[in-house]
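Here is a friendly walk through the inside of a protein model. Have the sequence and the 3D view at hand as you read.

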Amino acid sequence: MNNSTGNATVARARAIHGARLSDADYKELASKKSVSEVAEYLKKNTRYSAALSSVNTASVHRGYLESLIRRYSFERYLNICDFQKLRSEQFYNYLIVLSEIREILSIVLHINADSGSEYISSMPAYLINKTDINLIELARARSYDDLLRTLRNTRYYSILKKITSDEKGHVDYLNCEITLRTYYYDWLISTVKKSTLGADSEELLNLIRTQVDLINIINGYRMKKYYKLSGAEIEKRLLPVYRKLNAKTKEELFNHEDIEGFLNAFSKTYYGKKLSLDDHGRFETEIEILQGKMARKALAFSGSTALSVYALVFLLDLEVQNIITIIEGIRYKRSSESILNMIVPT
């Protein structure tokens, strides 16, 4: 890709990011009392207006609203990639792969809950023509064996066939998640290394590995706090990719018997020194805020096309999660202050 093409894509990514929801938008949304009010505000005052133009906000269902928002975000990804035909480079198809994995994990959850027939109501129809997985067939799966048959001609079959189901056709969800997400990051990093991204590759790999570090920190924190798992048990459940979170650092963090020991050790790490953890109840939110800050910095200062696209898509996903957080907060009648306390700046 020549410099003019790259510069045009970077500028477009920054322009898309510039239309993000503002602090004032989040404050207004958090003050709403219903899903209808949230939908109405998004329709009249934000970049989601086009996506919601034909929606009757007075009767919109929460699940449908979330689906439209996710679709809008996905279309921004397609827009930025197709602007200069970037998807001829395999790396730029990464969100398709990640979306496929999310859908496989979703149907696994439904199968384990004996609610496979309900998956189709949440299935993202906008993915149907974008993926090699037959999502209609996926929606018909009622057991893990059914799922494997649907995936037989895809990259995921050889990965998942090693995992066995029980006599009811159910399977260990956590094992599936770790296996698929490990595959995804192995594939992503390998694809970047084999790409023609040139000098952009190392900068991009650093951000990817940093984001995995922070995912592992959040997951390790949850396992230590809520399940009291040992360091060895936590290690088996983490993604085997790292930048700063090497074996020595993980041992220092996760071998503590209690969460206070973990938090004290974390405060001395590379990432811990970047945070103010006065309120331990906000630990996960603070980590997510750091993830967003790093993505914003990459988008604002890097001239790399690949890094700009990756950072933009990450921030778009964060915005979607923020909206869903607000909707869930309203659903459970949380105060606007408590909802805003969970919002991650994008």
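A residue is called buried when its relative accessible area is under 20%. Keep in mind that this model is predicted.

Let's begin with helix H3, which spans residues 35–45. Its buried residues are Val 35, Val 38, Ala 39, Tyr 41 and Leu 42. Looking down the axis of H3, you would find these buried residues within an arc of 160°, so they line one face of the helix. Which helices are included in what covers them? Helix H2 (23–30), helix H4 (62–83) and helix H16 (305–331) are included in that cover.

Now for the nonpolar cores. The largest one has 93 residues, and Phe 91 and Leu 147 have the most contacts inside it. Helix H5 (residues 94–112) provides the largest share of this core, with 11 residues. Apart from it lies another core, of 25 residues, and Leu 42 is among its members, as are Leu 29, Val 55 and Ile 323.

Another residue to look at is Ile 217, in helix H11 (residues 200–227). With a relative accessibility of 1%, Ile 217 counts as buried. Thr 164 is 53 residues from Ile 217 in sequence, and their C-alpha atoms are 28 Å apart in space.

Technical notes:
Residues are numbered from 1 along each chain as its sequence is written. This is a predicted model: local features need pLDDT of at least 70, side-chain atom pairs count only at pLDDT 80 or more; totals for chains, interfaces and linings use all residues. Side-chain values use heavy atoms; hydrogens and water are left out. Helices (H or I, at least four residues) and strands (E, at least two) are DSSP runs, numbered from the N terminus. Buried means under 20% relative accessible area, exposed over 50%, partly exposed in between (1.4 Å probe, protein chains only). The arc is that of the directions from the helix axis to the C-beta atoms. Contact means heavy atoms within 4.5 Å. A nonpolar core is a set of buried Ala, Val, Leu, Ile, Met, Phe, Trp, Tyr and Cys residues joined through side-chain atoms within 4.5 Å.
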